[in-house]
Amino acid sequence: GTRIRDDGYLVADAKCARTGIQRYLGVEVGRPELEFVDVYRPEEEVFSDEAMMSFAHRPVTNDHPSEPVTADNWKQLAVGQTSDEVKKDAKFLRVPLMVADSSAIEDVKNGKRELSAGYKCDLKFEKGTTSDGRTYDAIQTNIRANHVAIVDRGRAGKECRIGDASKD
């Protein structure tokens, strides 16, 4: 599902987010006294209609910007955009995307392929255990996407990435 179009744009159908537990630094989630915080992203939150549709027509960025992408800064931050055919794929969220910036396309061709969702959410600090026995410190609800970033290494893991090969 990854190819370079005749006009040079890269298009892909890629996993960009997932359910389960993801590890954050305590400072990233407002708990600097903790080294790490294991955050649970339940299936019913990741795959809610509102969360899934929030990934449609979102900017694609090359690395995470230091601020949310808006109409005021899109031109400076975006290198592409997601489409609206957002789907559940096992524990992953899959979305078609297009990268239009030649520098970002070169980065992808050179191996920078993982994807990381930039989003806002409600974070509830409550300890718990998943159905498969993994413990967590907090839970995410009301997940709403802002952008999808092309990164060297994404928190969601190496399965959230643009495909292995770009073919003409």
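Which residue in the turn of the S1 and S2 hairpin has a positive phi? I found Gly8 there, with a phi of about 95°, among the five residues between the two strands.

**Basis.** I worked from a predicted model, in which local features need pLDDT of at least 70, side-chain atom pairs count only at pLDDT 80 or more, and totals for chains, interfaces and linings use all residues. Residues are numbered from 1 along each chain as its sequence is written, and side-chain values use heavy atoms, with hydrogens and water left out.

**Strands.** I took strands as DSSP runs of E of at least two residues, numbered from the N terminus, and counted two strands as paired if DSSP finds at least two bridges between them. Strand S1 (residues 2-4) runs antiparallel to S2, joined by three bridges. In this pairing, Arg3 faces Val11 of S2. S2 also pairs with strand S8 (residues 92-99), again antiparallel, over eight bridges. There I noted Leu10 opposite Val99 in S8.

Eight of the nine residues of S2 (residues 10-18) are buried, so the strand is largely enclosed by the rest of the structure.

**Cysteines.** I searched the whole structure for disulfides (pairs of cysteine sulfur atoms within 2.5 Å) and found zero. Cys160 is in no disulfide either, the sulfur of Cys16 being the nearest at 6.8 Å. Cys160 is buried at 0% relative accessible area, while Cys121 is partly exposed at 26%.

**Pockets.** I used a 1 Å grid over the protein atoms alone; a pocket is an open set of points where a 1.4 Å probe fits, with protein on both sides within 12 Å along at least five of seven lines, and lining residues have an atom within 4 Å of a point. The largest pocket holds about 610 Å³ of space. Of its 31 lining residues, Tyr24, His64, Ala117, Gly118 and Tyr119 lie nearest the centre. Strand S9 (114-124) gives the most to this lining, with eight residues. Strands S2, S3 (20-25), S4 (36-41) and S12 (138-151) each supply at least two.

The second largest pocket holds about 160 Å³. Its lining includes Arg18, Tyr40, Glu43, Lys91 and Asp132.

Terms used: Buried means under 20% relative accessible area, exposed over 50%, partly exposed in between (1.4 Å probe, protein chains only). Helices (H or I, at least four residues) and strands (E, at least two) are DSSP runs, numbered from the N terminus. Grid points are joined across faces, edges and corners, and a volume is the space filled by probe spheres set on the points.
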